[in-house]
Amino acid sequence: MFGSLSMWSDWASSLTTLSEHFPVLVVVVPMLSAPLCFLSRNGRAARGISFFALLSCLLMVIHLLGRVLDEGVVSYRLGGWPPPLGIEYRYDQINAFVALIVAFIATVVVPFGQNKKAFRVPAGRTNVIYAVYLLCTAGLLGMCVTGDLFNVYVFLEISSLSAYTLVAIGAERRAMMSAFSYLTMGTIGGLFFLIGIGMLYQMTGTLNIVDLSMRLYDVSSVRTLSVAFATLFVGVSIKLAVFPLHQWLPNAYTYAPPKVSAFLAATATKVAFYVMLRIIFTIFGRERSFEQMNLDRILLPLSIAAMFMGSIAAIYQTNIKRLLAFSSIAQIGYMTLGISLDSLTGLVGGIVHLFNHALMKGGLFLAVACILFRLGSVKIEDMRGIGRRMPWTMGAVVVLGLGLVGVPGTVGFVSKWYLVLGALEREMYTVAFLTLLSSLLAVIYVWRLVEVAWFSDPKPGIRMADVREAPLTMVVPVWALAAATIYFGIFTEHSAGVARLAAAQLFGGTP
Amino acid sequence: MSSYLGLWHYHACILLMMVGLFAVISRQHLVKKILGLTITQVSVIMFFVAMGKVRGGTAPILETMNHDEVVRQAHDVVFSNPIPHVLMLTAIVVGVATNALALSFVVRIKESYGTAEEDEVLAADHADSVAESAKEHALESEAT
């Protein structure tokens with residue numbers, strides 16, 4: 001009995017030692033599991049490996065977020081080299097929160113039942129998909145947690161290269177062309193980001209983000225600084241798909257396998273948004289970004305244009321994945337609107353919308369995967385009357401769609417509430433009105449889906465008799481996300497509460 | 001004026017970058033687009049290399065382990081800044097990976113479309129969707 005007790009305490013103490021290395025293991029575990037998946041030569045084993053790797057990642061991020069909320073910033077020195085010379089992994093409220101979203105969505109998507117027809121991969125080599133998927137997750141988590149600007153670039157490229165690959169394995173041949181244009185745009189974005197890093201290094205001689213922000217206080221050369229700001233901003237905007245730079249997004253999300261679309265829509269753009277927050281608020285600081293660079297004058301019109309163009313384009317789509325892709329562009333507009341309002345409440349709205357949109361779009365794309373699995377089509381026309389055949393899936397679509405509209409009781413309402421409140425605080429009544437107006441456009445495209453699925457007779461020529469509810473492994477993750485949109489819509493202290501802390505920290509004020 | 005001339009290597013990098021971006025935008029052939037992308041990458045790499053170079057500077061390698069010698073060398077010899085150069089090793093690796101991936105996409109596109117010209121690929125996609133909707137109309141009229 002005593003033997004087992006001492007074994008337990010040994011185990012507990014080794015876990016404590018290990019927990020000191022959690023900050024780096026969050027990135028290392030998925031990255032090293034990727035070659036394991038590649039070597040396993042078996043889709044099922046690879047799926048198991050990636051699920052457990054990501055689950056352990058999720059638990060570590062939860063532990064770290066708890067530590068950050070209790071103790072403040074958690075800093076980890078890679079190889080024991082102290083910053084600013086060494087690379088530092090730095091967890092604070094904002095990036096632990098974003099890392100949690102990435103790890104959560106990545107973990108939910110893996111066990112999701114997969115449709116072999118959706119992937120253009122030779123039979124028996126599906127393990128490769130999981131290897132690339134883990135690399136992408138590792139890259140995204142790395143971008144979140146690293147405190148070194150060049151490291152951000154490296155992880156950005158790791159995640160982007162694997163994202164291009166994931167898009168390219170879509171079943172249709174158009175997937176490859178969309179992956180190619182995604183690659184072209186993404187690489188140019190990455191290069192702009194790299195030039196910006198170079199200029200910042202030239203001015204300060206450091207790459208550590210915290211050190212950089214402190215040294216930039218003394219930099220007076222406004223011209224180099226503005227160019228650096230512009231290139232970094234444009235580079236991240238391409239990755240984030242801010243309105244005029246969104247051209248890669250609709251095709252990439254439409255032709256990627258639906259599982260991949262769910263993952264990318266819920267995580268890749270969110271991490272890019274986080275990097276944008278870091279650049280604007282941590283590196284350059286609020287005053288410099290808004291008062292010297294006049295960021296709001298550029299970003300505010302672009303955000304509003306994105307909200308309207310995205311929603312209007314979504315209304316006219318005939319393919320549900322394309323509809324959701326254009327809706328994503330509109331939702332990214334809401335997030336950047338949160339930045340451009342230049343008010344604490346608005347920023348809370350932007351950050352909480354990052355979390356909320358990840359839940360909603362992730363859930364909706366997974367629901368599309370269910371539809372594709374049973375119906376074999378993603379055309380809205382073909383979905384007529386599908387609600388009676390797949391009540392659970394389409395029920396989740398209704399709940400998540402209401403979230404996109406921003407109906408009270410769902411997460412969408414929480415973020416729009418903060419955004420409108422932020423606009424009113426700054427006395428920008430037109431902006432508040434336009435935010436509400438664009439939500440009405442969301443009503444139109446969500447209603448189209450609801451009407452087709454629940455209130456129409458099946459289309460002639462489509463055999464509805466074969467269509468039944470998707471298997472449990474697919475419906476459960478969808479409903480987990482749908483339930484989360486309602487839960488976080490009512491109990492906001494975990495999402496909006498953390499977002500408020502994060503926003504206050506970025507804004508440099510007291511909460 | 002002289003300050004502009006003194007910065008000629010940066011201007012050269014920007015010029016090279018514009019050449020690359022122009023190729024990406026204007027060329028229809030996908031391999032030429034990749035070439036343009038590579039030129040852009042090289043221009044950024046050269047920008048970093050130019051940034052780290054100090055006039056008359058040598059590679060930052062100590063010639064001896066003797067302490068006094070090291071101190072003397074540190075005073076007398078001008079070193080280039082190695083960090084931008086080291087960063088570019090990573091960027092070169094990223095560039096190689098990007099090129100390999102892009103070329104593999106082009107190979108697959110050529111296999112399934114029979115062409116690597118962007119406009120022809122897009123035309124084929126358009127023809128596909130037209131044919132698809134025509135087939136659907138036929139199905140629909142058959143059913144009714």
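Me: What share of the 511 residues in chain A is buried?
Reply: A residue is buried if 20 or more other C-beta atoms lie within 10 Å of its own, exposed if 12 or fewer, and partly exposed in between, with C-beta atoms placed from the backbone. On that basis, the buried share of the 511 residues in chain A is 60%.

Me: What is the mean pLDDT of chain A?
Reply: This is a predicted model, where local features need pLDDT of at least 70 and side-chain atom pairs count only at pLDDT 80 or more, while totals for chains, interfaces and linings use all residues. Residues are numbered from 1 along each chain as its sequence is written, and chains are lettered from A and ligands numbered from 1 in the order in which they are written. pLDDT is the predictor's confidence in each residue, from 0 to 100. In chain A, 95% of the residues reach 70 or more, and the mean is 86.

Me: How many helices does chain A have?
Reply: Helices (H or I, at least four residues) and strands (E, at least two) are DSSP runs, numbered from the N terminus. Chain A has two strands, and its helices number 21.

Me: What is the radius of gyration of chain A?
Reply: The radius is taken over C-alpha atoms, and the globule rule is 2.2 Å times the number of residues to the power 0.38. That rule gives 24 Å for 511 residues, and chain A comes close to it, so chain A is as compact as a globular protein of that length, with a radius of gyration of 22 Å.

Me: Which residues does A:L232 contact, leaving aside its neighbours within four places in sequence?
Reply: A:L232 is found in helix α9 (residues 222–240) of chain A, and it counts as buried because it has 26 C-beta neighbours inside 10 Å. Two residues are in contact if their C-beta atoms, placed from the backbone, lie within 7 Å. Leaving aside neighbours within four places in sequence, the contacts of A:L232 are A:F193, A:G196 and A:I279.

Me: What is the radius of gyration of chain B?
Reply: Chain B has six helices and zero strands, and its C-alpha trace spans about 95 × 40 × 25 Å along the principal axes. The globule rule gives 15 Å for 144 residues, and chain B is well over that, so it is more spread out than a compact globule, with a radius of gyration of 26 Å.

Me: Within what arc do the buried residues of α2(B) fall?
Reply: In α2(B), the buried residues are B:C13, B:M17, B:G20 and B:V24. The arc is that of the directions from the helix axis to the C-beta atoms. Seen down that axis, these buried residues line one face of α2(B), because they fall within an arc of 60°.

Me: Which helix of chain A do the buried residues of α2(B) pack against?
Reply: The face turned away from the buried side of α2(B) carries exposed residues, including B:W8 and B:H11. The buried residues pack against α3 of chain B together with a helix of chain A, α7 (174–204).

Me: Which helix gives the most to the side of chain B that touches chain A?
Reply: The contact takes 25 residues from chain A and 30 residues from chain B. On chain B, α3 (30–52), α5 (82–113) and α6 (118–143) each supply at least two residues. With 14 residues, the helix that gives the most is α5(B).
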